[in-house]
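Subject: Handover of a structure

Dear colleague,

Please find the structure below, together with a written account of its features. I would be grateful if you would read the two side by side.

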Amino acid sequence: MENTNQTAGNKKGSGYKDSLKSMDTEETFDLIFYRPIGYAWALLAKKLGITPNAITIASIFLGVGAGVAFYFNDIWINIIGVVLLMWADSFDSADGQLARMTKQYSRIGRILDGVSGDFWFIAIYVAICLRENETSAFFSSHHWVIWVMAVVTGFFHATQAAMADYYRQFHLFFLKGKEGSELDTASQLWEKFHQLSWKSDFWSKLTLAFYTNYTVGQEKRTPWMQRLRKTLREKYGNEIPQGFREEFRQKSRPLMKYTNILSFNTRSFALFAAILIFRQPWLYFAFELTVLNIVLIYMMWRHENICKGFVTRLQGK
């Protein structure tokens with residue numbers, strides 16, 4: 001009986017582990033908090049026949065609701081906003097875990113998953129601007145300042161999130177191969193885009209257009225990574241030696257902590273502190289513009305140097 005229980009426990013643990021992307025890329029707080037909760041939501045959704053995309057859409061409503069709650073200069077309503085945003089992120093974790101558990105992968109799902117966070121933070125940014133214009137003496141006298149801050153911060157926020165995701169997917173490519181990564185190339189995406197018809201595939205083509213431009217931006221910011229990808233294709237085709245994969249993984253893995261800093265948890269902690277502790281929501285914009293941009297620049301510099309070193313070695317220079 002004891003052995004049976006142990007076997008069942010191992011199966012359960014294996015199921016949970018299989019729902020994760022990889023231990024290389026997981027953040028400690030996610031493993032402690034969001035991933036177990038997300039796994040519970042995923043199991044429930046699987047039992048009820050709910051799709052990953054449906055969970056993603058639900059997370060959008062929760063995240064936007066959090067933004068609305070942050071508009072009010074009331075601590076208890078703000079705490080409700082915190083709960084809603086954490087709930088949204090648990091759903092954001094659950095949709096990916098459910099997709100991996102049920103093999104329900106799709107590019108639409110990946111795009112929708114990325115867009116969901118944009119909806120959360122657009123709502124939060126607007127709430128902060130409206131709140132500061134009503135409660136701050138400075139911003140109420142200079143309405144345009146907070147809106148300019150929001151637009152500039154939003155641009156860098158999008159860049160930070162895009163690059164963190166790109167480096168994570170590149171790492172997963174070497175760790176798990178193409179099947180375990182969502183790494184795309186702009187050239188392949190443009191080829192698929194031109195194969196679609198605006199008349200019969202309007203929404204698919206429109207979605208792919210946005211995603212392709214998103215990928216183009218990632219590639220333009222990583223010239224040495226693109227040279228490495230090209231060099232590897234020319235030298236090894238689709239069969240990169242395992243030894244090289246492992247060597248790149250060892251170099252890349254220390255940078256995963258920076259991709260995690262630029263993801264949700266660090267942002268949410270700073271946001272909660274600005275709203276609940278300091279009662280100055282605009283400080284969140286300042287945090288993104290300074291601290292997170294410094295992390296972004298350092299991460300990109302480190303990663304490009306790693307790729308440059310491998311290219312130089314592979315080309316025998």
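Helix 9 (202–220) provides the largest share of the lining of the largest cavity, namely three residues. A cavity here is a set of points, on a 1 Å grid over the protein atoms alone, where a 1.4 Å probe fits but cannot get out, and lining residues have an atom within 4 Å of a point. Helices are DSSP runs of H or I with at least four residues, strands are runs of E with at least two, and both are numbered from the N terminus.

This is a predicted model, in which local features need pLDDT of at least 70 and side-chain atom pairs count only at pLDDT 80 or more, while totals for chains, interfaces and linings use all residues. Residues are numbered from 1 along each chain as its sequence is written, and side-chain values use heavy atoms, with hydrogens and water left out.

The largest cavity has a volume of about 40 Å³, a volume being the space filled by probe spheres set on the grid points, which are joined across faces, edges and corners. One cavity of 30 Å³ or more is counted. The lining of the largest cavity consists of Arg 110, Tyr 166, Gln 169, Glu 182, Leu 183, Asp 184, Tyr 211, Thr 215 and Gln 218. Both helix 7 and helix 9 supply at least two residues of this lining. By class, there are three nonpolar, three polar and three charged residues; Ala, Val, Leu, Ile, Met, Phe, Trp, Tyr, Cys and Pro count as nonpolar, Asp, Glu, Lys and Arg as charged, and the others, Gly among them, as polar.

The second largest pocket has a volume of about 510 Å³. A pocket is an open set of points with protein on both sides within 12 Å along at least five of seven lines. Its lining holds 21 residues, of which Phe 173, Thr 185, Arg 229, Arg 233 and Asn 238 are the closest to the centre. Helix 7, helix 8 (186–195) and helix 10 (223–236) are the elements that give two or more residues to this lining, and helix 10 gives the largest share, five residues. The classes here are six nonpolar, seven polar and eight charged residues.

Arg 245 lies over the face of Phe 173, 5.5 Å from the ring centre; a charge sits over a ring if NZ of Lys or CZ of Arg is within 6 Å of the ring centre and within 35 degrees of the ring normal. Asn 238 is placed in the loop between helix 10 and helix 11 and is exposed, at a relative accessible area of 71%. On this scale, buried means under 20% relative accessible area, exposed over 50% and partly exposed in between (1.4 Å probe, protein chains only).

The structure holds 32 aromatic pairs. Rings of Phe, Tyr and Trp (its six-membered ring) pair if their centres lie within 6.5 Å; planes under 30 degrees apart count as stacked, over 60 as edge-to-face and the rest as tilted. Phe 174 and Phe 248 are stacked, because their ring centres are 4.2 Å apart and their planes stand at 25°. This pair links distant parts of the chain, with Phe 174 in helix 7 (residues 143–176) and Phe 248 in helix 11 (residues 242–252), 74 residues apart. Phe 174 is buried at 1% relative accessibility, and Phe 248 is buried at 0%. Phe 202 and Trp 203 form an edge-to-face pair, 5.1 Å centre to centre with 85° between the planes. Phe 202 is partly exposed at 38%, whereas Trp 203 is exposed at 64%. Ring pairs also join Phe 29, Phe 33, Tyr 34, Trp 120, Phe 264 and Phe 269 into a cluster.

As for the chain as a whole, it has 14 helices and zero strands. Buried residues make up 46% of its 317 residues.

Yours sincerely
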